Amino acid sequence: MTNLSETKKTLSLKILFISFLLPIILIWIIDSSFSGGYSGFDTSDSFTRFANAILTSYTLGSIILLGNLFFYADSRKRPLAPLFGMLMAVLLGLMATIILIGMGPMLLEANGSIRAQTVYNIGHTIVSFLAISLACAVCIGAMFATLTSGKKRILFEEE
Amino acid sequence: MEEILEAVVFFWLPMSMIAFGAWINLSSKDNLTKNFGKIIFILGFIFVCISPWTVPSSPSSAIGHLIGFIIGPSALLVLGIYLIIFSGNVPVGRLPSSDRKMGLISVLVSFIWFCLMQWADFTPMYEGSEVNNFWLIFFPTFLVVVCSMSSLLSVSMLAIGDNRQRESRILIIISLISMLLIIAGMNFDGKNISSETFSEYFWLSVSDLFGILIGISMSILVFGLVIYMYESSIDEPKSVPKPSKDELILASQKIAQNIGGDESE
C-alpha cells in the first residue's frame, strides 16, 4: 500500500508532465480549428526527424557523459571499466546511426548520403540545443525574476 | 583545399574547440588551465562565427551565420533578465532599482528584435537570397520550449511552492505570449517566411524536441547503468579501526580550542 506522500508525489509528477504537454496540444487544437481540419503536419517527416533526433542526441549525450567520467575518475582510482562501458555505449549509438541511416530513405531528410545526413543531424542538434538552452535560461530567469520582484517575505516571526 | 577538408578545418574543428575549451575550463582546478580553456573556447567561437566567410561553400557554415544573427537579441535577453533578477529582493549583490527598468527595456527590445527577424526584414538570409535553414529550426524550437517550460514552471510554483499564485500567473502569461507568437507564425506570413513554412518547421521542432528529450534520457540511463555496474562490482571499503585513547584526547582538545566565543544575547 502506498502512503499519502507517495501518491501526492506521483500526482504532482503527472500534473507537471501534463502541464508540459498541454500547451502543445492546445496549439494543435487551435491550429486545426484555424485550418479547418487536422493540422497539416507530415507524420512521415515528423517520424524521420524524431528518429534522427533520438539517435543524434543519444550519441552526443553519451560522448558528453564519457567526458564527464573524468570528473568521476578523480574521486576513484581512475578505473578503466566505466570508461570502456561508456565508450561501448557511444560506439553503439554511432553504429546504430550509421546502420539505420544507411538502410535507405527512411532516415534521410533531403540528404543524399549517410555522411551528409550525419553532419546535418549534428548541426541540427547543435542549433536545437542552442534554442533549448536559451529558452531554459529565459524560463528559469523569468521564474527567479518573479520570485525576487515580490515583497520580501518574513519566514519566521521573531519572539 | 578540398571542400570537405575546408569545412573540417574552418568549421568543425573550431566547433570542437568550443566544447573542448568548455570541458577544460570546467574540469581543471588551477587558474592557468582554466584560462587556457577560456581562450580555446573564445577562439573556437570566433572561428565558428566567421565561418560564412572562411568556408562559404559548406552548408554547415549557416550555423555560424545564424549565431552571428541571434547573438545580439539573445545577449540582450539574458542581460535583461539578469538585471531584473538582481535589482529585486536578493540578499547579496543587489543592483540599483533603476536597473530594473533597464532590464525590462532590454527584454522588450530583444522580444521586438526576434519578432522582426521572423516577420520583417531582419530575417537571417543566407547567401543573400534564401532564409537561413537553421533559423527555421531555431525560432520554433525556442518558442515551443518557452511555451511548455513556462507552463511547467507555473504549475510547479503552485504544486511545490507556498502562496505563489502571483508568480505562477506571470509565468502563465509568458507561456500564453509564446503560444500567441506560435499561432501568429502559423497564420500570418512574414516578409520572407510564409505561415506554411513556419507551421511545417514548428511540428518538426516538436518531433525534434521529444526526440532530443528521449535520446538524452537514454544516454543518462546508460551512464547511470555503467556507473551502477562498476560500483556494485567493487569490494566494500575497509573499515577504519576505532580511534585510540590518545587520538580521542587529541580530538577533544582540538574541538575545545575551536568552539566557544561570546554568548549570544
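Is the crossing of α6(B) and α8(B) left-handed or right-handed? What we have here is a predicted model, where local features need pLDDT of at least 70, side-chain atom pairs count only at pLDDT 80 or more, and totals for chains, interfaces and linings use all residues. Residues are numbered from 1 along each chain as its sequence is written, with chains lettered from A and ligands numbered from 1 in the order in which they are written.

Okay, chain B. We get 9 helices and 2 strands, taking helices (H or I, at least four residues) and strands (E, at least two) as DSSP runs, numbered from the N terminus. Going along from the N terminus, the order is α-α-α-α-α-β-β-α-α-α-α. The radius of gyration of chain B, taken over C-alpha atoms, is 26 Å, well over the 18 Å from the globule rule for 265 residues (2.2 Å times the number of residues to the power 0.38), so chain B is more spread out than a compact globule. Its C-alpha trace spans about 85 × 55 × 35 Å along the principal axes.

Back to that crossing: α6(B) over α8(B) is right-handed, meaning the near helix is turned clockwise from the far one by less than a right angle. The two axes come within 8 Å and cross at roughly 65°; axes here are lines fitted to C-alpha atoms over the stretch in contact, with angles from 0 to 180 degrees between N-to-C directions. Among the residues making the contact are L136(B) and V144(B) of α6(B), plus F198(B) and Y201(B) of α8(B). By contact I mean C-beta atoms, placed from the backbone, within 7 Å.

Now, what about the core? The largest nonpolar core has 73 residues, and those with the most contacts inside it are A135(A), L66(B), F138(B) and V146(B). A core is a set of buried Ala, Val, Leu, Ile, Met, Phe, Trp, Tyr and Cys residues joined through C-beta atoms within 7 Å, and buried needs 20 or more other C-beta atoms within 10 Å of a residue's own. Helix α6 of chain B, residues 133-160, gives the largest share of this core, 17 residues. Leaving aside neighbours within four places in sequence, L66(B) touches V127(A) as well as partners in chain B including W135(B) and F138(B).

Last bit, the two chains together. 65 residues of chain B are in contact with 66 residues of chain A. On chain B's side, α8(B) brings the largest share, 22 residues.

Terms used:
Buried ≥ 20, exposed ≤ 12 C-beta atoms within 10 Å, placed from the backbone. Contact = placed C-beta atoms within 7 Å.
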